[in-house]
Amino acid sequence: MGYQAQFKVWRGDAEGGDFVDYAVDVEEGEVVLDIMHRIQATQAGDMAVRWNCKAGKCGSCSAEVNGRPRLMCMTRMSTFEENEEISVAPIRTFPVIRDLVTDVDFNYAKAREVPAFAPPEGLAPGEYRMAQADVERSQEFRKCIECYLCQNVCHVVRDHEENKQEFSGPRYLMRIAELDMHPLDVRNRKEDAQEEHGLGYCNITKCCTEVCPEHIKITDNALIPMKERVVDRKYDPLVWLGKKIFKR
Ligand code: SF4
Ligand code: F3S
Ligand code: FES
């Protein structure tokens, strides 16, 4: 059965903006993105909303619904009370372009900074056969749809713009962990993570894991193991001895 819901949608641009009230019809089975489309179709044809698949797979429709970072296409209207006022705002950590659309270029820049997969030199095609055991741990990370909700919610950059230079965020630290777990990758990913991508800034608050729509255990399965390996290496007596000898 349909009903009318009260929405507050943030409208504005880089110069500033505010929430605007909309009373909108809701039909059974709809999601928040449907409601944004209805507002566009009936009340605000110029409202900017980014979306693509409407199936939780393209990662485009990230927004803050009632203050919580979520995919609008995967947020069912049935999870709210019919008389509840629902707010929709752009994700907070990235600069607003217009209305619900933000500039997520930060993430592309950080992605480019992660050095590509580095197999041993001279390894011929077919010389190594990957087994399921080789990808068991990192396979989970490949489910990422790059919605940037984890990047948006991590307090290291959400509350501290000044950390954006040094910290690449959970999504890209997870990418480094994935490469580090690859049996053929020969690059020193531990050093990359710690020295170039700010792994030390992460204090394992797990907010990234909580918001991930793909339910990837970013903190437990990527960030903590990476931190453990960085520590292992740093305090590994053989590494320490090697450094001493070669420094002579
Ligand atoms: Fe989104 Fe999860 Fe990928 Fe982060 S790890 S970008 S929350 S899918
Ligand atoms: Fe941030 Fe996730 Fe670490 S939210 S602090 S990257 S555990
Ligand atoms: Fe593709 Fe929501 S529209 S994830």
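"Buried" needs 20 or more other C-beta atoms within 10 Å of the residue's own, "exposed" 12 or fewer, and "partly exposed" is in between, with C-beta atoms placed from the backbone. α6 covers residues 170–180, and because eleven of its eleven residues are buried, it is largely enclosed by the rest of the structure.

A note on what I'm reading: this is a predicted model, where local features need pLDDT of at least 70 and side-chain atom pairs count only at pLDDT 80 or more, while totals for chains, interfaces and linings use all residues. Residues are numbered from 1 along each chain as its sequence is written, and chains are lettered from A and ligands numbered from 1 in the order in which they are written.

**Whole chain**

I counted ten helices and seven strands in the protein chain; these are DSSP runs numbered from the N terminus (helices H or I, at least four residues; strands E, at least two). The C-alpha trace spans about 75 × 40 × 30 Å along its principal axes. Of the 248 residues, 33% are buried.

**Lys190**

Is Lys190 buried or exposed? It counts as buried, because it has 20 C-beta neighbours inside 10 Å. I find Lys190 in helix α7, residues 189–196.

**Ligands**

Around ligand 1 I get 14 residues, the closest being Cys144, Cys147, Leu149, Cys150 and Cys212. A residue is near a molecule if its C-beta atom, placed from the backbone, lies within 6 Å of it. That shell divides into eleven nonpolar, no polar and three charged residues. Here Ala, Val, Leu, Ile, Met, Phe, Trp, Tyr, Cys and Pro count as nonpolar, Asp, Glu, Lys and Arg as charged, and the others, Gly among them, as polar.

Ligand 2 has Cys154, Pro170, Cys202, Cys207 and Cys208 among the residues around it. Its shell holds eight nonpolar, three polar and one charged. Helices α8 (207–211) and α9 (218–235) each supply at least two of the shell residues.

**Strands**

Which way does β5 (residues 85–89) pair with β1 (residues 3–13)? The sense is parallel, over four bridges, and Gln6 stands opposite Glu85. With β3 (residues 62–65), β5 pairs in the antiparallel sense over two bridges; there Glu64 has Ala89 as its bridge partner. Pairing requires DSSP to find at least two bridges between two strands.
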